[in-house]
Amino acid sequence: MNAPSRPGARHLPPNLRIIHEDRDIIVVDKPAGMLTMATDTEKERTAYFALTDYVRKGNSKSRNRIFIVHRLDRETSGLVIFAKSEEAKRTLQERWAETTKIYAAVVHGRMDKASGLVISHLMESGVHKVYSTRDTTQGKLARTAWKVVQERGEYTLLEIELLTGRKHQIRVQMADLGHPVVGDRKYGAGGDSFPRLALHAKSVTFAHPFRGQSMTLTAPVPAAFAQLVGRIGQDEPKTGD
């Protein structure tokens, strides 16, 4: 929970949790269903809007502001980094390729080996749906590493490292493997009634934009995932190929 003593904390929605804050950055655990930033149809129910209100302590005339470093899909929960200055934003974005981004995902079915690397080229259609293409001149290179954490029934919990940052990358590539993310209405299996997308940005490692030290921040895997694979960390991980 957000500490009640944080100045401005009462201006935050209860499901948006601050993981780390200092004079230069704010890192939050964004809930599933919340946009990172505004769209044409939604301006206020976003992490950006809530955090702007937070740093202004509800004073709309305040000059305090935040800057978007990256974003998560609305359906995905987990860690999002915001900067408190243009310089901090620029520094973090310039080093983004060196940032380690780890996700937890529950997918349909059981993998045929303990770990793997997916490499494909992705394009976006006119209806904003991403798909794989063999045309390497048109598609953008996407690389995703995964490993099995635990399994139960026909569900598998994966730890996924995002090696590139393409739109809907994990969702499309897992579906291409025949193991769509549970709860994915856009790329997933028909008839999937799980109430949320089982994808969570659980860890990020990056260099602080000014102090330079390496920081690793984590957000717990949502309790809802245990409905699919059991208590996280209790089952034996799959071994062997």
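Me: What should I know before reading numbers off it?

Reply: This is a predicted model, in which local features need pLDDT of at least 70, side-chain atom pairs count only at pLDDT 80 or more, and totals for chains, interfaces and linings use all residues. Residues are numbered from 1 along each chain as its sequence is written, and side-chain values use heavy atoms, with hydrogens and water left out.

Me: What pLDDT does the chain average?

Reply: The average is 91, and 91% of the residues score at least 70. Residues 235-241 have a pLDDT below 50, and this stretch has 17 contacts in the model beyond near neighbours in sequence. pLDDT is the predictor's confidence in each residue, from 0 to 100, and a contact means heavy atoms within 4.5 Å.

Me: Which residues of helix H1 are buried?

Reply: In H1 (residues 47-56) they are Ala 47, Ala 50, Leu 51, Thr 52, Tyr 54 and Val 55. Buried means under 20% relative accessible area, exposed over 50%, and partly exposed in between (1.4 Å probe, protein chains only). Helices (H or I, at least four residues) and strands (E, at least two) are DSSP runs, numbered from the N terminus.

Me: What do the buried residues of H1 pack against?

Reply: They pack against strands E1 (17-21), E2 (25-30) and E4 (77-83). Just after H1, Lys 57 has a positive phi of about 55 degrees.

Me: How many bridges pair E1 and E2?

Reply: Four bridges, in the antiparallel sense. Two strands pair if DSSP finds at least two bridges between them. A hairpin through three residues joins E1 to E2, and His 20 has Val 27 in E2 as its bridge partner.

Me: New topic. How many salt bridges are there?

Reply: The count is 10, with a salt bridge taken as a side-chain nitrogen of Lys or Arg within 4 Å of a carboxyl oxygen of Asp or Glu. One of them is Glu 21 with Lys 84, whose closest N and O atoms are 2.9 Å apart. Glu 21 lies in strand E1 and Lys 84 in the loop between E4 and helix H2 (86-94), so this pair ties together parts that are 63 residues apart in sequence.

Me: And what does Glu 75 form a salt bridge with?

Reply: Glu 75 pairs with Arg 171, the closest N and O atoms being 3.4 Å apart. Glu 75 is in the loop between strand E3 (67-68) and E4, while Arg 171 is in helix H3 (residues 169-176), so the pair ties together parts that are 96 residues apart in sequence.

Me: Is Arg 171 buried or exposed?

Reply: Arg 171 counts as buried because its relative accessibility is 3%. Glu 75, at 36%, counts as partly exposed.

Me: Where is His 121?

Reply: His 121 is in strand E6. At 19% relative accessibility, His 121 counts as buried. Not counting residues up to four places away in sequence, its contacts include Tyr 131, Thr 136 and Leu 141.

Me: Last one. Which residues make the nonpolar surface patch of about 330 Å²?

Reply: Leu 117, Ile 119, Leu 141 and Leu 163. Ile 119 is in strand E6 (residues 115-124). Patches are made of residues with over 30% relative accessible area and no salt bridge, with like charges joined within 9 Å and nonpolar side chains (Val, Leu, Ile, Met, Phe, Trp, Tyr) within 5 Å. Accessible areas come from the Shrake-Rupley method with a 1.4 Å probe, and for residues only the protein chains shown count as cover.
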